[in-house]
Amino acid sequence: VQLQASGGGSVQAGGSLRLACAASGRTLGVATTAWLRQAPGKDREFVAAITWAGTSTYASSVKGRFTISRENAKNTMYLQMNSLKPDDTAVYYCAANTPDRYNASSYKYWGQGTLVTVSS
């Protein structure tokens, strides 16, 4: 499975961005898919995950501001990010297939990352 993330950019605090992650090579099938992020000088961290059935989970830092979704027929996942804060600045990665969605190192497939910069 190849994952391609897109949609990053620069935005002011309070703004919104929508990230997309398209899968190719194989379908996502029943794999859990997720967004993770890595800020400068920090470890990669879990942001949000969604199952094939549509059950989603979020990190407490983004809950209520970010919404994860996926279109299984299009093999595509999204992350709608609202009320962005400077602390959300990071490279955002999409990933798939994990036994432990909260463990960044447990994902089998990774996209290349897309940079989100939020200025104050």
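Here is a quick tour of the chain as a whole, followed by a handful of its residues.

What you have is a predicted model, in which local features need pLDDT of at least 70 and side-chain atom pairs count only at pLDDT 80 or more, while totals for chains, interfaces and linings use all residues. Residue numbers start from 1 along each chain as its sequence is written, and side-chain values use heavy atoms, with hydrogens and water left out. The chain has zero helices and 11 strands; these are DSSP runs numbered from the N terminus, with at least four residues (H or I) for a helix and at least two (E) for a strand. With a radius of gyration of 13 Å against the 14 Å that the globule rule gives for 120 residues, the chain is as compact as a globular protein of that length.

**The whole chain**

- The radius of gyration is taken over C-alpha atoms, and the globule rule is 2.2 Å times the number of residues to the power 0.38.
- Along the principal axes, the C-alpha atoms fill a box of roughly 40 × 25 × 25 Å.
- Of the 120 residues, 46% count as buried, where buried means under 20% relative accessible area, exposed means over 50% and partly exposed is in between (1.4 Å probe, protein chains only).
- Take the contacts (heavy atoms within 4.5 Å) with a separation of 6 or more: residues 24 or more positions apart account for 55% of them.

**Surface and charge**

- The accessible surface comes to about 6100 Å², and carbon and sulfur atoms hold 48% of that; the areas come from the Shrake-Rupley method with a 1.4 Å probe, and for residues only the protein chains shown count as cover.
- There are 12 positive and 6 negative side chains, and the centres of the two sets lie 7 Å apart.
- Lys and Arg count as positive and Asp and Glu as negative, with His and the chain ends not counted; each charge is placed at NZ of Lys, CZ of Arg, CG of Asp or CD of Glu.

**Threonine 114**

- Threonine 114 sits in strand β11 (residues 114–119) and is buried, at a relative accessible area of 10%.
- Its side chain reaches the backbone nitrogen of glycine 8 at 3.0 Å.
- Beyond its neighbours within four places in sequence, threonine 114 touches several residues, including Ala5, Ser6, Leu19 and Tyr92.

**Glutamate 45**

- You'll find glutamate 45 in strand β5 (residues 45–50), partly exposed at 36% relative accessible area.
- Its side chain makes a polar contact with the side chain of arginine 37 at 2.7 Å; that term means a pair of N or O atoms within 3.5 Å, where within protein one must be able to donate a hydrogen and the other to accept it, and residues adjacent in sequence count only if both atoms are side-chain atoms.
- Leaving aside neighbours within four places in sequence, glutamate 45 is in contact with Leu36 and Arg37.

**Glutamine 12**

- Glutamine 12 belongs to strand β2 (residues 9–12) and is exposed, at 57% relative accessibility.

**Positive phi in loops**

- Most residues other than glycine have a negative phi.
- Serine 83 has a positive phi, near 50 degrees, and lies in the loop between β8 (76–81) and β9 (90–96).
- Asparagine 97 also has a positive phi, near 70 degrees, and its place is the loop between β9 and β10 (109–110).
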